[in-house]
Amino acid sequence: MARPRIVVVGAGFAGLNALRRLEQRIPEGRAELVLVAPNDYMLYQPLLPQVASGLLTPQSIAVSLHRKLRRTRIVPGAAIGVDTGRRTVVVLKISGEYAYERYDRLILAPGSVTRTFDIPGLIEHGRGNKNLAEAVYLRDHVLAQLELANASEDPAERDERCTFVVVGGGYTGVETAASLELLCEEACALYPDLRRHIQWHLVDIAPRLMPELGEHLGRRALDLLRRRGVQVALEVSVREVTQDKVTLTDDRLLPCRTLIWTAGTAPSPLIAATGLPTERGKLLVGADLAVPGHPEIFGVGDSAAVPDLSKGEEGAFCPPTAQNASRQGPVAADNVIASLLGRPGRPYRHRDLGLLVDLSGRDAVARPLGVELTGSSALALTRAYHLYSLPSGPARMRVAANWGIRALLGGEVSRLGFLNRSIEALVDLEAYSRYLAPEQAREKAALAVGE
């Protein structure tokens with residue numbers, strides 16, 4: 001009998017944990033394991049805001065797949081379609097070539113993408129914080145605005161460059177605003193004249209910040225942000241974005257050159273491309289994580305509509321959290337093995353452990369197992385939880401070292417240069433072409449001084 005081929009799409013919390021369980025429980029040589037993922041690392045997304053602020057280095061939260069997976073063949077690319085009849089995944093590799101991965105069992109864990117709305121100017125002028133590239137670029141962008149504002153003598157330009165708007169009052173939005181506000185605070189030591197120009201705004205259409213925290217802790221987080229100078233507006237969203245202005249739905253017009261969009265996520269487009277049944281755009285699966293009518297396909301993570309058995313009510317689905325994804329992966333792996341052996345799978349059940357929010361500096365709020373914590377105890381618990389949850393010893397050491405260095409030596413506010421030039425080619429020809437001939441320089445200088 002041929003070895004079964006198990007293909008996993010996605011190397012996030014769900015996909016990586018599924019493959020680790022498969023490698024642990026399937027004897028070597030008894031099955032072929034394949035992972036389709038665009039990167040050779042698992043991104044620990046909860047700490048992305050700290051990469052955006054420079055508190056953590058990017059490689060600190062990029063967990064090497066090669067360290068964690070010993071018997072899995074990795075196909076570097078994105079799954080862009082599934083032929084369920086031929087049991088084949090269509091892959092667009094990072095080289096631009098196509099690959100076709102046949103499967104006997106398929107675990108779909110492609111994760112989510114940034115959710116956007118039809119707001120004029122949002123796509124052109126908004127910035128995200130959902131992956132490493134966006135986080136590193138965002139830090140450079142914020143610091144560049146401060147440098148340019150400091151070099152300008154125009155008060156209006158200074159206001160535009162020093163005003164930052166974060167949209168989204170969930171976990172990512174709150175932590176991003178808190179982390180980057182702290183970065184600006186540190187930069188004020190270099191640019192003291194900018195302090196009166198710097199403004200941080202956090203807006204959300206919901207009536208409360210992070211409702212999962214409960215009313216008391218949500219209000220506590222709100223108070224902490226406002227105490228640090230972040231202007232929070234609830235039941236407000238964005239009407240229009242331009243290069244130097246943001247218009248809110250309460251008719252306020254903010255001079256602003258930086259809008260950071262963290263207002264939720266949407267299922268991966270791969271789900272719609274499969275033609276499989278969906279619920280609110282997510283892959284519909286049963287309690288055993290298998291797709292109805294396709295027992296060879298399993299769905300987990302942010303793009304799967306997994307029944308929440310803890311609610312005890314029909315139509316309830318698990319929220320798209322790292323906790324759920326991390327625990328769904330191993331259950332899907334066990335059920336894949338059970339299906340190959342002709343045994344029934346087990347249902348996914350999960351007890352929520354609570355929410356922990358690191359507001360950078362010395363501020364945090366947490367609600368572990370229903371217990372509300374703030375201050376130093378919440379910060380200690382939050383960071384201990386992140387260290388525990390990182391699935392790699394080297395990653396834990398790097399994150400802990402970064403935190404220690406920041407506590408002892410303070411932060412750095414220098415840019416890395418991602419905004420300076422194109423790096424797609426050996427030589428940035430556009431950068432070379434901007435230099436002037438001597439006579440052109442004289443003409444421009446003469447115009448500037450009015451001669």
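A search of the whole structure turns up three aromatic pairs. For the cut-offs, rings of Phe, Tyr and Trp, the last by its six-membered ring, pair if their centres lie within 6.5 Å, with planes under 30 degrees apart counted as stacked, over 60 as edge-to-face and the rest as tilted. Before the details, a word on the model: it is predicted, so local features need pLDDT of at least 70 and side-chain atom pairs count only at pLDDT 80 or more, while totals for chains, interfaces and linings use all residues. Residues are numbered from 1 along each chain as its sequence is written, and side-chain values use heavy atoms, with hydrogens and water left out.

One of the pairs is F13 with Y44, edge-to-face, at 5.6 Å centre to centre and 65 degrees between the planes. It links distant parts of the chain: F13 sits in helix 1, Y44 in the loop between strand 3 (41-43) and helix 2 (48-52), and they are 31 residues apart. Helices here are DSSP runs of H or I with at least four residues, strands are runs of E with at least two, and both are numbered from the N terminus. F13 has a relative accessible area of 13% and is buried; Y44, at 1%, counts as buried too. Buried means under 20% relative accessible area, exposed over 50%, and partly exposed in between, with a 1.4 Å probe and protein chains only.

Another pair is F117 with W261, also edge-to-face, with 6.1 Å centre to centre and 65 degrees between the planes. F117 lies in the loop between strand 9 (112-114) and helix 4 (122-125), W261 in strand 17 (residues 258-261), 144 residues apart. F117 counts as partly exposed because its relative accessibility is 45%, whereas W261 is buried at 5%.

Back to helix 1, which spans residues 13-25 and holds N17. Is N17 buried or exposed? It counts as buried, because its relative accessibility is 19%. Leaving aside neighbours within four places in sequence, N17 is in contact (heavy atoms within 4.5 Å) with S326, G329 and P330.

Next, the cores. A nonpolar core is a set of buried Ala, Val, Leu, Ile, Met, Phe, Trp, Tyr and Cys residues joined through side-chain atoms within 4.5 Å. The largest has 107 residues, and L22, I61, V89, L106, I107, L146 and W200 touch the most other members. Helix 5 (residues 132-151) gives the largest share of this core, eight residues. Apart from it lies another core of 16 residues, including I119, V203, A233 and A263. Beyond four places in sequence, L22 is in contact with I6, V8, L33, R71, I107, A333, V336 and I337.

On a 1 Å grid over the protein atoms alone, a cavity is a set of points where a 1.4 Å probe fits but cannot get out, and a pocket is an open set with protein on both sides within 12 Å along at least five of seven lines; lining residues have an atom within 4 Å of a point. How many cavities of 30 Å³ or more does the search find? One. Its lining is K282, G301, D302, A304, V306, C318, P319, P320 and Q328.

The second largest pocket is lined by 17 residues, with G54, L56, T57, R139 and E412 nearest its centre. Helix 5 and helix 12 (393-409) are the elements that give two or more residues to this lining, and helix 12 gives the most, four.

How values were computed. Points joined across faces, edges and corners; volume = space filled by probe spheres on them.
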